[in-house]
Amino acid sequence: MTRTEAQTLLKANGQEHVLAFWDTLDAAAQERLLAQIATLDFAAIGRMQAMLKEAGTPAAAAGAFEPAPVEEPEGDALAAYVAKGEELLRGGKVAVLLVAGGQGSRLGYEGPKGAYPIGPVTDRPLFWFHARKILGLDLTYGTHVPFYIMTSETNDAATRAHFEENDYFGLPREDVFFFVQGMWPALDPEGKIILDRPDHIFMSPDGHGGTLAALERSGALADMARRGIEQVFYFQVDNPMVAIADPSFVGLHAAKGADMTLKVCKKREAHESLGVVVVRDGHCAMVEYSELSDEQMERTMPDGSLWLAYGSPAIHMFSYAFLKAEAERNMPLHLAHKKIAHVDAAGNVVKPEKPNGYKFEKFIFDVMPNAKTLLTLAFDRTQEFSPVKNAEGNDSPATTKRDLQAKWRGWLTQAGIALPEGVPVEIDPAYALDAAQLKAKGLLIG
């Protein structure tokens with residue numbers, strides 16, 4: 001893009017101020033700014049501006065809702081779903097999609113969150129556990145499960161380097177597909193793009209809902225089509241306990257012809273920070289915990305259980321066809337009023353003391369009302385969910401390592417192996433994906 005082209009584009013969209021400091025910049029800074037301008041999606045920015053104009057109007061009432069029904073298959077039904085899932089895995093019809101754009105800064109770690117060391121014995125990183133589970137699927141079912149990893153501009157290079165340094169954790173390199181999350185500018189209250197330096201537009205990630213557009217833009221959806229993928233397992237990087245593409249989940253989703261299926265677990269307590277899946281106006285939707293009143297969170301059933309008993313930890317199955325269709329839609333936008341560093345008229349960087357601009361995001365669960373068939377499947381959180389979110393307290397490295405240990409020691413007990421209390425254990429997922437596989441091995445290694 002040339003300066004003239006940029007000027008024409010910006011003027012047509014009322015954003016000429018982006019080049020206000022052009023004559024003060026050196027050639028390298030000018031090129032960087034032009035490169036940023038070339039990435040701007042002015043159709044999306046127009047939607048953001050329209051949303052800002054409506055921001056002062058009262059929000060529509062949330063409306064009445066009920067908790068969504070939860071599937072808990074047992075016996076022959078569960079066995080049938082497992083068989084269906086195993087059939088799809090053996091046939092190479094399942095892909096894995098990981099959202100991994102975050103940094104480990106909240107944990108005091110400099111680098112991609114997926115590189116954070118979490119192994120109780122080895123300090124192996126989160127990425128190791130995820131990749132080795134996929135390798136375990138490959139070995140168990142004699143297949144190749146492709147692994148799609150969404151990074152961010154902040155951590156893409158470091159994530160790729162981490163996989164290179166670790167020889168892709170044993171996975172075939174051709175089965176690992178990295179792609180980068182989209183970035184959006186922030187706007188001031190008048191709808192003007194915010195510069196945080198004379199030569200730089202402030203940008204922030206477009207949210208986990210941006211996964212869909214990024215899959216299309218990067219060619220990942222085309223790669224899935226080339227491979228004949230029919231079902232896609234989606235999860236987030238911070239949970240080393242996740243059961244990746246487990247056959248019962250894959251099979252239930254496929255057997256019932258669902259567009260989307262969500263795993264849900266019993267909440268630890270009424271106010272746990274998990275969204276809840278509800279039915280509202282005949283459609284399934286997600287209500288975030290921050291949108292719930294205390295009364296709604298604490299309401300109980302006659303037996304004393306919580307009315308909103310199940311929470312969503314962002315573990316989903318999608319049909320490929322549904323992902324492809326949703327990638328072509330404009331998703332709803334969500335805005336947040338934030339403190340954003342900006343430049344004043346003289347080009348000086350100002351760090352505001354109160355919110356001065358708006359960031360915009362898309363949320364993956366906004367596709368839920370479009371699903372013709374949407375299911376929720378209950379799972380045992382002691383076996384599948386213990387995220388690393390906080391430096392201390394709940395959902396911290398200490399609690400995750402504790403829960404991993406409890407899980408693996410339980411597997412060993414089922415295999416007839418008793419360990420003295422306090423002896424640490426760590427099991428390679430490529431060796432055993434579950435207690436049954438471990439018991440079948442009949443021995444321990446390494």
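Biologist: In this predicted model, is Thr 159 buried or exposed?

Modeller: Happy to start there. Thr 159 sits in helix H6, which covers residues 156-165. The cut-off for buried is under 20% relative accessible area. Thr 159 has a relative accessible area of 0%, so this residue counts as buried.

Biologist: Which residue is the bridge partner of Leu 98 in S3?

Modeller: Strand S2 (residues 94-99) runs parallel to S3, and four bridges join them. Within that pairing, Leu 98 has as its bridge partner in S3 Ile 149.

Biologist: Through which helix does the chain cross from S2 to S3?

Modeller: This is a β-α-β crossover, and it is right-handed. The helix on the way spans residues 126-141, and its name is H5.

Biologist: How many residues of H5 are buried?

Modeller: First, its geometry: H5 reaches 23 Å from its first C-alpha to its last, close to the 22 Å expected at 1.5 Å a residue. Just after the helix, Gly 142 takes a positive phi of about 60°. H5 is largely enclosed by the rest of the structure, because the buried share is 14 of the 16 residues.

Biologist: Which element gives the most to the largest nonpolar core?

Modeller: That core has 60 residues, and those with the most contacts inside it are Val 96, Phe 147, Phe 163, Phe 233, Ile 244 and Ala 245. The element that gives the most to this core contributes nine residues, and it is H5.

Biologist: Leaving aside its neighbours within four places in sequence, which residues does Ala 245 contact?

Modeller: Ala 245 is among the residues with the most contacts inside the largest core. With neighbours within four places in sequence left aside, its contacts are Leu 89, Val 94, Val 96, Leu 137, Phe 233 and Val 250.

Biologist: And how many residues has the other core, which lies apart from it?

Modeller: Among the members of this other core are Cys 284, Tyr 310, Ala 327 and Val 367. Its number of residues is 38.

Biologist: Now the rings. What is the angle between the planes of Phe 163 and Phe 178?

Modeller: A pair of aromatic rings is described by the distance of the centres and the angle of the planes. Phe 163 in helix H6 and Phe 178 in strand S4 are 15 residues apart, and both are buried. Their centres are 5.2 Å apart. The pair is edge-to-face, with a plane angle of 80°.

Biologist: Which residues do ring pairs link into a cluster with Phe 178?

Modeller: Phe 178 also pairs edge-to-face with Tyr 168, at 6.4 Å centre to centre and 65° between the planes. Tyr 168 lies in the loop between H6 and S4. The cluster joins Phe 178 with Phe 127, Phe 163, Tyr 168 and Phe 169.

Biologist: Last one: in the open sheet of order S1-S11-S12, which strands stand at the edges?

Modeller: The sheet has three strands with antiparallel pairing. S11 (residues 276-280) pairs with S12 over five bridges, and Val 276 stands opposite Val 287 in S12. The edge strands each have a single partner strand, so one side of each is left without a neighbour in the sheet: they are S1 (66-67) and S12 (283-287).

Technical notes. Residues are numbered from 1 along each chain as its sequence is written. This is a predicted model: local features need pLDDT of at least 70, side-chain atom pairs count only at pLDDT 80 or more; totals for chains, interfaces and linings use all residues. Side-chain values use heavy atoms; hydrogens and water are left out. Two strands pair if DSSP finds at least two bridges between them. Helices (H or I, at least four residues) and strands (E, at least two) are DSSP runs, numbered from the N terminus. Buried means under 20% relative accessible area, exposed over 50%, partly exposed in between (1.4 Å probe, protein chains only). A crossover is right-handed if, with the strands pointing away from the viewer, the path from the first strand over the helix to the second runs clockwise. The expected span of a helix is 1.5 Å times one less than its number of residues. A nonpolar core is a set of buried Ala, Val, Leu, Ile, Met, Phe, Trp, Tyr and Cys residues joined through side-chain atoms within 4.5 Å. Contact means heavy atoms within 4.5 Å. Rings of Phe, Tyr and Trp (its six-membered ring) pair if their centres lie within 6.5 Å; planes under 30 degrees apart count as stacked, over 60 as edge-to-face and the rest as tilted.
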